[in-house]
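Hello,

I am passing this structure on to you.

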Amino acid sequence: NVFENLGLKLGIPARATQLQSSNPELERRYASLMLDRVQKPDHKVLTQLAKEVGLEVRQVQRWLRKQGGGHRLTRMDKFCECG
């Protein structure tokens, strides 16, 4: 891609987003939260989810935050789309 090469020459980082570890139960609950349009689940929901999955509340919070951010475009993607 011409614009990707140009972006690399200009110093735009081409780093890819980190992939989340696969957790089917968390993915299922994340999908239901997104269908309910819950942006930030409250502590009660987080503790219940953490108990069901067997993780700490902080780990569930981190997983949800990274899962939501994984769909964003990188700076390089935006640069290539504008070109």
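Predicted model: local features only at pLDDT ≥ 70, side-chain atom pairs only at ≥ 80, totals over all residues.

Residues are numbered from 1 along each chain as its sequence is written, and side-chain values use heavy atoms, without hydrogens and water.

Core. Eight residues make up the largest nonpolar core: Leu-26, Tyr-30, Leu-46, Leu-49, Ala-50, Val-60, Trp-63 and Leu-64. Such a core is a set of buried Ala, Val, Leu, Ile, Met, Phe, Trp, Tyr and Cys residues joined through side-chain atoms within 4.5 Å; buried means under 20% relative accessible area, exposed over 50%, and partly exposed in between (1.4 Å probe, protein chains only). Helix 2 (24-35), helix 3 (43-53) and helix 4 (57-69) each give two or more residues to this core; helices are DSSP runs of H or I with at least four residues, numbered from the N terminus. Beyond its neighbours within four places in sequence, Leu-46 is in contact (heavy atoms within 4.5 Å) with Pro-41, Val-57, Val-60, Gln-61 and Leu-64.

Val-53. This residue lies in helix 3 and is partly exposed, because its relative accessibility is 21%. With neighbours within four places left aside, Val-53 is in contact with Asn-23, Glu-25 and Leu-26.

Helix 1. Leu-6 sits in helix 1 (residues 2-10) and is partly exposed at 40% relative accessible area.

Regards
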